[in-house]
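Subject: Structure for your review

Dear colleague,

I am passing on the structure we spoke about, together with my notes on it. Please look through the sequence and the coordinates before reading further.

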Amino acid sequence: MDLKTPLGDEVLDLRAGDAVTLSGTVYTARDEAHLRMREEGIPFDPVGAAIYHCGPVIRGREVVAAGPTTSARMNALSGFLLDAGVRALIGKGGMDEGVREELRGRGVYLAFTGGCAALAAARMQIKGVSFEDLGMAEAVWEIELDHLPLIVGIDAHGGDLFAAVMQKAKLQFRQEFNSYKGPSL
Amino acid sequence: MESVSSGLLEAVTAATASALHEAETSLPPDVNTAIGRALEREEDPTARAQLENIRENIHYAGERGLPLCQDTGVPVIYLTLPPSVPATEALYDALAEGVRQATDSVPLRPNVVDPLTRENTTDNTGGGMPAVHLKPGNELTITVLPKGAGAENCSRIAMLLPSEASEIARFVAETMLLAGGKPCPPVVLGIGIGATFDGAAALAKEALLLPIDEMDPFEEEICDAVNALGIGPMGLGGTTTALAVKIKRGHCHTASLPVAVNVQCWANRRATRTVEVEKWT
């Protein structure tokens, strides 16, 4: 499915594992930006918005490299954004059970491939910036996206591909190394 | 005492900066081959999509001469020196200057901070940075291995008992189970077996310099055990969790069996330059 911001109820139809593309506006935010937004308010219209967990390298007004950062750092910092109407979080590595519940019935977590900073940059244009005083990596960059390929990691129905994969991995590990002694996980 | 000529020092600086530029913007042929083979074997559609993105990313980065990943890592340098070149402080400074120049020219993200105050040195050098591993050789070679934090943070070391050699595969697989998608799989696992507590970690990192498009049967066995976990590219499932497992061994105390796992993301970046010493002496 090709998604375009602002996002609406169409994201509720998605299921974990679906491949989508996203076009339109996204806002980068990592640790510092989340803390600032929670204190001072969100510097853009959050209704239907998509947040990208990313600390880009920017030269002038050009995106040089903009791969996803580890989303789990924002586990405790995402609820207020979803409450305000944000529909999608984008990053790598997945998020915890708390976020899975916060997404239920209203939004999705989209996974982008870690390290693919050049590929992402090739599909991005800068439109604006907020909180620039936080520095290049921590500022909120308003970025226009052109069909970024993403995987639905967590859907609005409690489906979580990361959790499912790790559950199977643990089972496989116990089976394979059952006969070995040593400290168990 | 013999000193190093300023011409040679400048050549060392230029070679370091040039090696870093290559390592940050392109992958060596053996790594590209391993990613290509993974794509041929992988059947899971989600995993394939991740590998396709990785391949496209390598293409874009190469075409534009830009970093493969926004985490451009911290500099680790492997240096060999011929008998005619002494390991002076000036030589180390020349390597650091190469890092500074690459930070500005590639450009690299300034990643090096004080461990406690977290103050950023802004040029990717600092106390112990670049990390330099020195060995004698016939030529002056500079190999750079920029190391990102996502994968580095998932690395582990175990002091096993001599009777626990069969636990090695388990320890490595357990390391990936704890890591999941965090280190940006498909990973390359550098394994150091033997030596001492510190020596095993050094061997594990050196193992990442070995060609990854071939494995011996022991490496293959551990790689299969890791891939059987099904973590897959980026932790989204699939059969490609590790591109390769590479092992380096060192002799150790009869009462010891140190095992270290240095986790590396799919971007197993490295590049080597040889400096023609004769030109400057």
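What percentage of the contacts in chain B with a separation of 6 or more is accounted for by residues 24 or more positions apart? In this model, which is predicted, such residues account for 82% of those contacts.

**Chain B as a whole**

Chain B contains eight helices and eight strands. Its radius of gyration is 19 Å, close to the 19 Å that the globule rule gives for 281 residues, so chain B is as compact as a globular protein of that length. The C-alpha trace of chain B spans about 55 × 50 × 40 Å along its principal axes, and 57% of the 281 residues of the chain count as buried. As for charge, chain B has 21 positive and 36 negative charges, and their mean positions are 3 Å apart.

In soluble globular proteins, nonpolar side chains tend to be buried together. Here the largest nonpolar core has 115 residues, and those with the most contacts inside it are Leu22(A), Ile90(A) and Phe112(A) together with Leu189(B), Ile191(B) and Trp266(B). Strand 9 of chain A (residues 140-154) contributes nine residues, the largest share of this core. Apart from this core lies another, of 28 residues, which includes Val4(B), Val12(B), Leu91(B) and Val275(B). Returning to Leu189(B), and leaving aside its neighbours within four places in sequence, its contacts include Val172(B), Met176(B), Leu208(B), Val226(B) and Val261(B), as well as Lys246(B) and Asn262(B).

**Backbone points to check**

Two cis peptide bonds deserve a look in chain B. The bond from Met129(B) to Pro130(B) is cis, with omega near 0°, and Pro130(B) is found in the loop between helix 4 (89-105) and strand 2 (131-136) of chain B. The bond from Pro185(B) to Pro186(B) is also cis, with omega near 10°, and Pro186(B) sits in the loop between helix 6 (168-179) and strand 5 (187-194) of that chain.

Positive phi values in residues other than glycine are found at Thr122(B), where phi is near 70°, and at Phe131(A), where phi is near 55°. Thr122(B) lies in the loop between helix 4 and strand 2 of chain B, and is exposed, with a relative accessible area of 56%. Phe131(A), by contrast, counts as buried at 13% relative accessibility, and is placed in the loop between strand 8 (124-130) and strand 9 of chain A.

With best wishes

Key:
Residues are numbered from 1 along each chain as its sequence is written. Chains are lettered from A and ligands numbered from 1 in the order in which they are written. This is a predicted model: local features need pLDDT of at least 70, side-chain atom pairs count only at pLDDT 80 or more; totals for chains, interfaces and linings use all residues. Side-chain values use heavy atoms; hydrogens and water are left out. Helices (H or I, at least four residues) and strands (E, at least two) are DSSP runs, numbered from the N terminus. The radius of gyration is taken over C-alpha atoms; the globule rule is 2.2 Å times the number of residues to the power 0.38. Buried means under 20% relative accessible area, exposed over 50%, partly exposed in between (1.4 Å probe, protein chains only). Contact means heavy atoms within 4.5 Å. Lys and Arg count as positive and Asp and Glu as negative; His and the chain ends are not counted. The place of a charge is taken as NZ of Lys, CZ of Arg, CG of Asp or CD of Glu. A nonpolar core is a set of buried Ala, Val, Leu, Ile, Met, Phe, Trp, Tyr and Cys residues joined through side-chain atoms within 4.5 Å.
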